[in-house]
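Please keep the sequence and the coordinates at hand while reading.

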Amino acid sequence: MVTREDILVLGLTAGVLGSLVGGLMLGIGLGMVVQGVHIGWLLVLPGAPAGGGLGYLLARKLAKKLG
């Protein structure tokens, strides 16, 4: 059975990991673009979906606990 604590931990973990991963990808990619290395766009553009994807994977792990 999933408790309220599990859901709270899922939300906090997904938020922190998503922010860290997405922020790092955005920061490093924009730094590369500013310096003229246009391949940095490959880090900038998927930054937000990559952060959200981690939250999705964590939620699926929690959902497996239900059944």
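Helices here are DSSP runs of H or I with at least four residues, numbered from the N terminus, and with that convention P46 falls in the loop between α2 and α3. The model is predicted, and the values below are computed from it.

**The loop between α2 and α3**
- The loop runs between α2, which covers residues 41-44, and α3, which covers residues 47-66, and L45 has its place there.
- P46 lies in this loop as well, and with a relative accessible area of 31% P46 is classed as partly exposed, because that class takes in values between 20% and 50%.
- L45, by contrast, has a relative accessible area of 62% and is therefore exposed, the cut-off for that class being over 50%.
- Along the chain P46 and L26 are 20 residues apart, while their C-alpha atoms are separated by 8.7 Å.

**A glycine in helix α3**
- G55 counts as buried, because its relative accessibility of 16% is under the 20% cut-off.
- G55 and G36 are 19 residues apart in sequence, and the distance from C-alpha to C-alpha is 32 Å.

**The largest pocket**
- Rolling a probe the size of a water molecule over the atoms shows where empty space is left.
- The largest pocket holds about 180 Å³ of space.
- Its lining is made up of D6, V9, L10, T13, L58, K61, L62 and K65.
- Helix α1, which covers residues 4-34, and helix α3 each supply at least two residues of this lining.
- Sorted by class, the lining of the largest pocket comprises 4 nonpolar, 1 polar and 3 charged residues.

Definitions and conventions: Residues numbered from 1 in each chain as written. Predicted model: local features only at pLDDT ≥ 70, side-chain atom pairs only at ≥ 80, totals over all residues. Heavy atoms only, no water. Buried < 20%, exposed > 50% of the residue type's maximum accessible area, 1.4 Å probe, protein only. 1 Å grid on protein atoms, 1.4 Å probe; cavity = no way out; pocket = protein on both sides within 12 Å on 5 of 7 lines; lining within 4 Å. Points joined across faces, edges and corners; volume = space filled by probe spheres on them. Nonpolar A, V, L, I, M, F, W, Y, C, P; charged D, E, K, R; others polar.
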